[in-house]
Amino acid sequence: METLHISAGSKKYPVYIGIGAVNQLKSFLQENYPKLTSVLIITDETVGKLYLEEFKAAVNLSETYVKVVPAGEKAKTFEVYHECLSYALEKKLDRKSLILSFGGGAVGDLAGFVAASYMRGIPFIQIPTTILAHDSAVGGKVAINHALGKNMIGAFYQPEAVFYDLKFLQSLPLAEIRSGFAEVIKHALISDEEFYDWLVKSVENLNSIPNTLMTEFLTKGIKVKGGIVEQDETETGVRAYLNFGHTLGHAIEAEAGYGSISHGEAVAIGMVFALKISMERHSFNFNLLEFNEWLKKLGYVTELPEGLSTHRLLARMKQDKKSVGQKVRFVLLNKIGSPGVEELDDAYLLNRLDAFKRQGGIA
């Protein structure tokens with residue numbers, strides 16, 4: 001079992017990582033919330049079917065309610081958000097109540113935003129069940145989607161703790177593992193060449209990852225995320241670096257239709273594109289072909305999906321949260337571990353997107 005501590009502004013909270021981590025949840029609640037009145041578990045259909053009864057038995061608290069929401073990005077809609085708030089009101093949750101987010105990144109984003117806005121904020125705890133959520137469960141970004149942009153309606157609202165029980169990852173389908181692992185790659189590229197080299201050498205396929213290796217790269221990734229959040233909780237500076245690969249990635253997700261391509265797979269394409277631009281604009285000596293082949297070996301697609309208009313992708317990127325005055329701002333690398341944010345001209349970006357599409361990625 002690993003225990004990390006995240007500092008975000010005035011808020012400090014623990015992250016427990018390992019098999020059986022959720023078994024510590026009940027004692028944590030008893031110690032830190034002795035006057036707890038009720039608990040609302042927000043989970044999704046997939047996780048609920050697999051683990052809800054086991055999870056409820058581990059928590060074993062009276063006055064526990066459950067709201068089951070759709071799996072994936074379908075959970076992050078105004079309609080589902082409204083349903084969760086209505087359910088909390090119906091069950092008479094109060095300011096001594098607490099929300100448990102039990103699921104992947106989408107459930108965490110939704111449940112955190114429900115917690116942030118219900119009665120102007122009640123506490124919540126993240127219990128992530130995917131690899132992708134190693135990124136989203138830490139740092140306090142909570143949100144829902146809008147038809148015009150991903151995660152455009154939300155807040156910065158830190159959890160009280162994160163219980164990352166790796167036994168919940170054992171049933172993940174390969175596509176979900178791939179989606180989550182893209183964020184681990186991102187953390188390595190923006191932070192440390194040694195981490196990146198170790199990752200490439202250690203992970204040759206995603207079909208069977210030993211628990212020891214899983215624990216190690218998840219812990220490394222969370223440390224990177226935590227270190228950046230500690231410096232910049234509300235993304236006024238260096239926290240923007242965590243969006244490496246996301247500007248194009250989010251545009252692909254939105255343009256393809258949320259859920260048509262997984263978040264991590266879209267981000268992988270975004271990282272390849274951002275690396276290509278980084279090499280063009282900086283004296284960045286990086287073996288992009290080798291990186292691209294490694295991604296393909298792990299099962300990623302590294303070119304734009306068929307049927308997406310580069311003009312529409314550009315329009316989506318101009319709506320990105322990092323954009324200022326309709327100017328696209330991209331996270332680029334000067335070298336591994338040295339990211340920066342740059343404003344890119346529309347004509348240049350469209351030209352490079354067209355070339356990227358025409359050439360099938362970097363081919």
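Where is the place of Arg120? Arg120 is in the loop between helix 4 and strand 6 (124-128).

Ground rules before the tour. This is a predicted model, where local features need pLDDT of at least 70 and side-chain atom pairs count only at pLDDT 80 or more, while totals for chains, interfaces and linings use all residues. Residues are numbered from 1 along each chain as its sequence is written, and side-chain values use heavy atoms, with hydrogens and water left out.

Helices (H or I, at least four residues) and strands (E, at least two) are DSSP runs, numbered from the N terminus. Buried means under 20% relative accessible area, exposed means over 50%, and partly exposed is in between, with a 1.4 Å probe and protein chains only.

Start with helix 4. Helix 4 covers residues 105-117. Is helix 4 largely enclosed or largely open? 12 of its 13 residues are buried, so helix 4 is largely enclosed by the rest of the structure. Among those buried residues are Gly105, Asp109, Phe113 and Ala116.

Now the backbone after that helix. Most residues other than glycine have a negative phi. Just after helix 4, Met119 takes a positive phi of about 50°. Arg120 has a positive phi of about 65°, although it is not a glycine. Arg120 is exposed, with a relative accessible area of 76%. Asn151 is another residue other than glycine with a positive phi, near 60°. Asn151 sits in strand 8 (residues 149-156). Asn151 is buried, at 17% relative accessible area.

On to the cores. A nonpolar core is a set of buried Ala, Val, Leu, Ile, Met, Phe, Trp, Tyr and Cys residues joined through side-chain atoms within 4.5 Å. The largest has 75 residues. Those with the most contacts inside it are Phe181, Ile185, Leu189, Leu199, Phe217, Phe291 and Phe330. Which helix gives the largest share of this core? Helix 10 (residues 263-281) does, with 10 residues. Apart from this core lies another, of 25 residues, including Cys84, Tyr87, Ala111 and Ile122.

Contact means heavy atoms within 4.5 Å. Leaving aside neighbours within four places in sequence, Leu189 is in contact with Tyr196, Phe244, Met271, Leu275, Phe286, Phe291, Leu333, Ile336 and Gly337.

Gly337 takes us to a hairpin. Strand 10 and strand 11 form it, with two residues between them. Gly337 is in the turn, with a positive phi of about 90°. Strand 10 (residues 328-335) and strand 11 (residues 338-344) pair in the antiparallel sense over seven bridges; pairing requires that DSSP find at least two bridges between the strands. Arg329 stands opposite Glu343 in strand 11.

Next, charges. A salt bridge is a side-chain nitrogen of Lys or Arg within 4 Å of a carboxyl oxygen of Asp or Glu. How many salt bridges does the structure hold? It holds 17.

Look at Asp135. Lys186 forms a salt bridge with Asp135, the closest N and O atoms being 3.2 Å apart. That pair links distant parts of the chain: Lys186 in helix 6 (residues 174-191) and Asp135 in helix 5 (residues 133-136), 51 residues apart. The side chains of Asp135 and Lys225 also meet in a salt bridge, at 3.6 Å, N to O. Here Asp135 in helix 5 and Lys225 in helix 8 are 90 residues apart. Asp135 is buried at 10%. Lys225 is buried at 5%.

One more pair. Glu255 and Arg316 meet in a salt bridge at 2.8 Å, N to O. Glu255 is in helix 9 (residues 246-256) and Arg316 in helix 12 (residues 310-318), 61 residues apart. Glu255 is buried, and so is Arg316. Elsewhere, salt bridges that share partners join Glu73, Lys76, Asp109, Lys150 and Glu253 into one network. Asp109 is also one of the buried residues of helix 4.

Last stop, Thr215. Thr215 lies in helix 8 (residues 211-231). Thr215 is buried, with a relative accessible area of 18%. Leaving aside neighbours within four places in sequence, Thr215 is in contact with Glu2 and Leu166.

Terms used: Expected span 1.5 Å × (residues − 1).
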